[in-house]
Amino acid sequence: MTARVLAGDATGVAEAVALLRAGELVALPTETVYGLAADATQDAAVAAIFAAKGRPQFNPLIAHVADQAAAARLVEMDSLASQLAERFWPGPLTLVLPRRRDCAVSWLAGAGLDTLAVRVPDHPLTLAVLRQLGKPLAAPSANPSGRLSPTTARHVHDGLGERIAAVLDGGPCAVGLESTVVQIVDGVPWLLRPGGLPRAAIEAIVGPLRQAAADAEDSHQPRSPGQLASHYAPRLPLRLHANDPQPDEALLAFGPAVPAGAATVLNLSPRGDTTEAAAHLFDYLRRLDDGPWRAIAVMPIPPTGLGEAIADRLRRAATPTDG
Ligand code: TXA
Ligand code: MG
């Protein structure tokens, strides 16, 4: 597969929408950098983003929406969030807010967290795609993991051309730097990532932004950007590399050969595909975390494809105190 370059016109937009609806990956222009987009409500499409980027970890992704009303269907917008959205959307500001119970975004897109990052990008082509699709788009920067964020369609094509369906050519990005990320915790705004919207512009509206300090003692406060996106941790203990499930355990299985003996079983991928397994990971963990069993036994996952990222996240979930 070599990515098609879609023209930045009505035909290109319609083609991008059709591909996204079919669960394909399409790189889209925003005012900050190009994003690698998938329908945020399709688990498999979101898993394909991580596979294409080659990320060894599931970082939570931003859900891009057409307007504030669409954001309010996904997250709880408090008055501070509404003020910021009113003033800066569309634009290079991402807000991290509590996920609504009925939020339609894939758990994988949010890395299993109870919060979700949302933003309205300021680019006419991508806004047109969002309006026609009528769904949120999960989109990290459209570069292979560890490489620079792309600001032209050519950059995207050079880096990911063999791994995605298409790139919609919207010309060079006006800002050229990722969005500023602000998390609102109990009505207090925290700066998680400096970016394309200057801090002073935000502070003019909401007052001083708290800065997550690496060494804050108070466990009720966010400690660092990494820890703020604190990992989803199940309530029940996880037992990894388990091939001998016990009667008082739920089994998170992988592959065609499932050992007997568990109280219940959910299989991440009966055909043994790590991208399919990633698509189900957080959803199945949450489901198994809700039962009367003592623990969740997890079968071994091979380190191929997204297997490494799955193993990384399971390890963290098994030892929740390591942040
Ligand atoms: O300008 C941008 O933000 C671009 C364009 C494509 O929109 N996107 C982008 O996405 O830079 P990404 O995935 O490369 O960066 C998203 C940032 C990461 O630092 C991630 O940790 C943070 O947002 N983030 C996302 N969800 C979060 C959450 N629930 N809690 C804390 N941080 C979150
Ligand atoms: Mg990035």
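Trainee: Which residues have the most contacts inside the largest nonpolar core?
Mentor: Phe58 and Val118. That core has 99 residues. Keep in mind that this is a predicted model.

Trainee: And which helix gives the largest share of this core?
Mentor: Helix α9, residues 274–288, with 8 residues.

Trainee: OK, what does Phe58 touch, leaving out residues up to four places away in sequence?
Mentor: Quite a list: Phe50, Leu108, Ala111, Ala278, Leu281, Phe282, Leu306, Ala309, Ile310 and Arg313.

Trainee: What's in the second, separate core?
Mentor: That one has 7 residues, including Val96, Val181, Trp190 and Leu192.

Trainee: Switching to Leu191. Where is Leu191 placed?
Mentor: In strand β10, which covers residues 188–193.

Trainee: Is Leu191 buried or exposed?
Mentor: Buried, because its relative accessible area is 4% and the cut-off for buried is under 20%.

Trainee: What is Leu191 in contact with, neighbours within four places aside?
Mentor: Thr180, Val181 and Val182, then Arg199, and also Leu209, Arg210, Gln211 and Ala212.

Trainee: Now Pro56. Where is Pro56 found?
Mentor: In the loop that links α2 (43–53) and β4 (62–64). Pro56 is partly exposed, at 38% relative accessible area.

Trainee: What does Pro56 touch, again without residues up to four places away?
Mentor: Ser145, Glu308, Ala309 and Asp312. Ala309 is also in the list for Phe58.

Trainee: How far are the C-alpha atoms of Pro56 and Gln42 separated?
Mentor: By 21 Å, and they are 14 residues apart along the chain.

Trainee: Zooming out, how many helices and strands are there in the protein chain?
Mentor: 10 helices and 15 strands.

Trainee: How does the radius of gyration of the protein chain sit against a compact globule?
Mentor: It agrees, because a compact globule of 323 residues would be near 20 Å and the protein chain has 20 Å. The C-alpha trace spans about 55 × 50 × 30 Å along its principal axes.

Trainee: What share of the residues count as buried?
Mentor: 52% of the 323. The accessible surface comes to about 13,800 Å², with 52% of that belonging to carbon and sulfur atoms.

Trainee: Last one, on charges: how far apart are the mean positions of the positive and negative ones?
Mentor: 1 Å, taking the 28 positive and 33 negative charges of the protein chain.

Conventions:
Residues are numbered from 1 along each chain as its sequence is written. Chains are lettered from A and ligands numbered from 1 in the order in which they are written. This is a predicted model: local features need pLDDT of at least 70, side-chain atom pairs count only at pLDDT 80 or more; totals for chains, interfaces and linings use all residues. Side-chain values use heavy atoms; hydrogens and water are left out. Helices (H or I, at least four residues) and strands (E, at least two) are DSSP runs, numbered from the N terminus. Buried means under 20% relative accessible area, exposed over 50%, partly exposed in between (1.4 Å probe, protein chains only). Contact means heavy atoms within 4.5 Å. The radius of gyration is taken over C-alpha atoms; the globule rule is 2.2 Å times the number of residues to the power 0.38. Accessible areas come from the Shrake-Rupley method with a 1.4 Å probe; for residues, only the protein chains shown count as cover. Lys and Arg count as positive and Asp and Glu as negative; His and the chain ends are not counted. The place of a charge is taken as NZ of Lys, CZ of Arg, CG of Asp or CD of Glu. A nonpolar core is a set of buried Ala, Val, Leu, Ile, Met, Phe, Trp, Tyr and Cys residues joined through side-chain atoms within 4.5 Å.
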